[in-house]
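Please look over the structure below, then read the briefing that follows. The notes are grouped by topic.

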Amino acid sequence: MNRTIFLAGVLIVLAGCAFGQTPTFDVVSIKPNKSESGNSSSNTHFGIFTGTNVSLKSLIMRAYGLAAYQISGPEWLSSEKFDISAKPPAGAKEQDFPLMLRSMLLERFKLASHKDTKVFPVYGLVIAKGGPKFQPVADGENHSTNSSRGFFKCEQTSMAGVAIFLARQMDRPVVDMTELPGVYTLTLQFTPEDAAPQKEDSKSDKEVYPPLLTALQEQWGLKLEPKKAPLELLVVDHAEKVPTEN
């Protein structure tokens, strides 16, 4: 196992400094969000990243392309929430975005961590019989995800990004095994397992959606299968609960 301690982004920053091309945001605003809302959202519009009621853990996930179960650290990484606006420099490329996030985490939250590997029981996200019920879309500047109880919508998101969402709903990690390239704009509506059952004689006009696994197959043509797979872990050794000032 690789137990080498490293500061998140340090090697990237040093390498960038050596060539004068450190990928950092031009302007970053971070404010605590004390709304206690159960909803959060993030999007990139015309190059500007905006996050509302997002946790530090979700930022680490996005910066390193990891799912929630691949990050180990104190509980407050999920419980403390922030509102963030980050503007990249002119001419910044899409592939620079994770590097800019890592630099931000290092500078503003003093993030320090190390890598590890572990074999997990997982669910493999695979194509169901009949094939997928969606088509790829052009990869533009509007990358976003929005979710709430029983609802998920993504714009220009990869299947790996979809697997990250599904993992939040399941009792084990979800790994993309569809081999579907490109990005997709998708909407999924389902009834959470812990939702109160609706009586047959209910006169509610609200539409009732199927459970997640059924909705996944009916609406997207995908399914989850039990598997085992080695996954990378990022263990957070240190992070500041209060980021440095704007």
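**Strand E9 and its neighbours**

Strand E8 (residues 143-148) and E9 run antiparallel, joined by 5 bridges. The model is predicted. On E9, pairing also extends to strand E11 (residues 184-189), again antiparallel and over 5 bridges.

- Asparagine 146 has lysine 153 in E9 as its bridge partner.
- The hairpin of E8 and E9 has 2 residues between the strands. Glycine 150 in this hairpin takes a positive phi near 80°.
- Phenylalanine 152 stands opposite leucine 188 in E11.
- In a regular strand, side chains alternate between the two faces of the sheet.

**Threonine 157**

- Threonine 157 belongs to strand E9 (residues 151-157).
- Is threonine 157 buried or exposed? Its relative accessible area is 11%, under the 20% cut-off, so threonine 157 counts as buried.
- Leaving aside residues up to four places away in sequence, threonine 157 touches Ser144, Thr145, Val162, Val183 and Tyr184.
- A polar atom of the threonine 157 side chain lies 3.3 Å from the backbone oxygen of glutamate 155.
- Valine 137 is 20 residues from threonine 157 in sequence. In space, their C-alpha atoms are 9.3 Å apart.

**Aromatic rings**

- How many aromatic pairs does the structure hold? There are 7 aromatic pairs.
- One of them joins phenylalanine 82 and phenylalanine 109, with 5.4 Å centre to centre and 75° between the planes. Planes over 60 degrees apart count as edge-to-face, so the 75° pair falls in that class.
- This pair links distant parts of the chain. Phenylalanine 82 is in strand E6 (residues 81-87), and phenylalanine 109 is in helix H4 (residues 97-109). The two are 27 residues apart.
- Both phenylalanine 82 and phenylalanine 109 are buried.
- Phe152, Phe165, Phe190 and Trp220 make up one aromatic cluster.
- The ring of tyrosine 123 has the charged end of arginine 172 over it, 4.7 Å from the ring centre.

**Salt bridges**

- Side chains of opposite charge can pair when their charged atoms come close.
- The structure has 3 salt bridges.
- One of them is between the side chains of lysine 34 and glutamate 80, at 3.4 Å, N to O.
- Lysine 34 has 62% relative accessibility, which is over the 50% cut-off, so lysine 34 counts as exposed.
- Lys223, Glu225 and Lys227 are linked in a network of salt bridges.
- Lysine 227 meets glutamate 225 at 3.6 Å, N to O.
- Lysine 223 is partly exposed, with a relative accessible area of 29%. Glutamate 225 is partly exposed at 26% relative accessibility. Lysine 227 is partly exposed too, with a relative accessible area of 33%.

Key:
Residues numbered from 1 in each chain as written. Predicted model: local features only at pLDDT ≥ 70, side-chain atom pairs only at ≥ 80, totals over all residues. Heavy atoms only, no water. Phe/Tyr/Trp six-rings, centres within 6.5 Å; stacked < 30°, edge-to-face > 60°. Helix = DSSP H or I, 4+ residues; strand = E, 2+ residues; numbered from the N terminus. Buried < 20%, exposed > 50% of the residue type's maximum accessible area, 1.4 Å probe, protein only. Lys NZ or Arg CZ within 6 Å of the ring centre and 35° of its normal. Contact = heavy atoms within 4.5 Å. Polar contact = N/O pair within 3.5 Å; in protein donor to acceptor, adjacent residues only side chain to side chain. Pairing = 2+ DSSP bridges. Salt bridge = Lys/Arg side-chain N within 4 Å of Asp/Glu carboxyl O.
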